[in-house]
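Welcome, and thanks for taking a look at this model. Please have the sequence and the 3D view open side by side while you read.

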Amino acid sequence: MNTGNDKRYYDLKRYFHEQFGCRVYKLQIDAGFTCPNRDGTIARGGCFYCDGRFSRLRQAGPLPSVTEQLRSGKELYRRMRGATKFIAYFQTATNTYGPYDHLKALYDEALAVEDMVGIAVGTRPDVIADDVIDLFQSYVEEGRHVWVEYGLQSMHDRTLRTINRGHDLQTFLNTVKRTTGRGIHICVHIILGLPGESRDDMLATARLLSTLPIDGIKIHLLLALAGTRAGRLFSEGKLPMMTKDDYVNTVVDILEILPPGMVIQRLTADGYRDVFLAPEWAKNKLAVLNAVDAELERRDTFQGAAYDENALNTDGGMTAPSFIHR
Ligand code: SF4
């Protein structure tokens, strides 16, 4: 099948072509969720890099309904790309933070919109109840395509404390275990360039993820944004940022470590232009992606080239979770 894609890594475009025979577009939704790491339930102030402004839509005024957001997203992609299939992506804030009935009503509303083949739900690993995981499984059993995206950012508890994540590695591992074996696709978000992390630390996170039953990954870069602790430290000259070369080389190292079948959903990061402080090079996302492709070519390597299914990370005395089965 021609996916129009000759990447040396397994990207989302190719994955969707293999699953659905065509390109599928993820439509971002802001369903009005907040975050327990900002409202004081877990902590106040949020993560080190988060400015808490959530989506542009929310800043513009009252939020349109989930249905309205999906309809206008569909129309746009239909007109621009001739798109026919979509995934409703609950992206903004913590999208499993609320009472079960409220969550179910929102997900059901999204799935009722014509041409939605499934949902993707972004959340924290410490804010997803068993009955919500059961609900996701019930959608899978109805033939829907379901992704849950867990923010981990780093496997190192010392880093998670530094960036005020409010959860630890073990919580993430337990939640992956609770989600596994139900037909739900798991995607994990990580961030490169977090304070105090060496390249070895970042590769250790990738190595751990390579041993878990995880289907996809989003790799982000730490950005310094105004209104965040990261932004303040950067402005005070106390937060070194990754160089483009460092970032690209680390991404390629990580791609080599990850299993060949793990879907690479993202390889860089962006932020609102009006609060963006650094690193300057990250503003050009296409240049970053091209540089990753060029480095893969230069090394004549590819995703999975250094994948070792028996690789277990012993950093911090961690032992292998019992459900590792890749
Ligand atoms: S969990 Fe997400 S929304 Fe909540 S503070 Fe962290 S980055 Fe912001």
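## Strands around β6

Strands β5 and β6 run parallel and are joined by six bridges; strands count as paired if DSSP finds at least two bridges between them. Within this pairing, Val188 has Ile217 of β6 as its bridge partner. Helices (H or I, at least four residues) and strands (E, at least two) are DSSP runs, numbered from the N terminus. This is a predicted model, where local features need pLDDT of at least 70, side-chain atom pairs count only at pLDDT 80 or more, and totals for chains, interfaces and linings use all residues. Residues are numbered from 1 along each chain as its sequence is written.

Strand β6 also runs parallel to β8 (residues 263-266), with three bridges joining them, and Gly216 has Val263 of β8 as its bridge partner. How many of the six residues of β6 are buried? Five of them are, so β6 is largely enclosed by the rest of the structure. Here a residue is buried if 20 or more other C-beta atoms lie within 10 Å of its own, exposed if 12 or fewer, and partly exposed in between, with C-beta atoms placed from the backbone.

## Helix α8 and its cover

Together, β5, α8 and β6 make a right-handed β-α-β unit. Right-handed means that, with the strands pointing away from the viewer, the path from the first strand over the helix to the second runs clockwise. Helix α8 covers residues 199-210, and its 12 residues reach 16 Å from first C-alpha to last, close to the 16 Å expected at 1.5 Å a residue. The expected span is 1.5 Å times one less than the number of residues.

The buried residues of α8 are Met202, Ala204, Thr205, Ala206, Arg207, Leu208, Leu209 and Ser210. Their cover includes β5 (185-192), β6 (216-221) and α10 (244-257), where contact means C-beta atoms, placed from the backbone, within 7 Å. Ser210, which lies in α8, counts as buried because it has 25 C-beta neighbours inside 10 Å. Its C-alpha atom is separated by 20 Å from that of Thr123, 87 residues apart along the chain.

## Helix α5

After α5 comes Gly143, with a positive phi near 95 degrees.

## Backbone points to check

Most residues other than glycine have a negative phi, and most peptide bonds are trans. Asp115, not a glycine, has a positive phi of about 75 degrees. Asp115 sits in the loop between α4 (100-111) and β3 (116-123) and is partly exposed, with 14 other C-beta atoms within 10 Å.

Asp300 also has a positive phi, near 50 degrees. Asp300 is in the segment after α11 and is exposed, with 8 other C-beta atoms within 10 Å. The peptide bond from Ala278 to Pro279 is cis, with omega near -5 degrees, and Pro279 is placed in the loop between β9 (276-278) and α11 (285-299).

## Around the ligand

Which residues are around the ligand? They are Cys35, Asn37, Arg38, Gly46, Cys47, Cys50, Ala93, Thr94, Arg124 and Gly151, taking a residue as near if its C-beta atom, placed from the backbone, lies within 6 Å.

By class, this shell has four nonpolar, four polar and two charged residues. Ala, Val, Leu, Ile, Met, Phe, Trp, Tyr, Cys and Pro count as nonpolar, Asp, Glu, Lys and Arg as charged, and the others, Gly among them, as polar.

Terms used
Contact = placed C-beta atoms within 7 Å.
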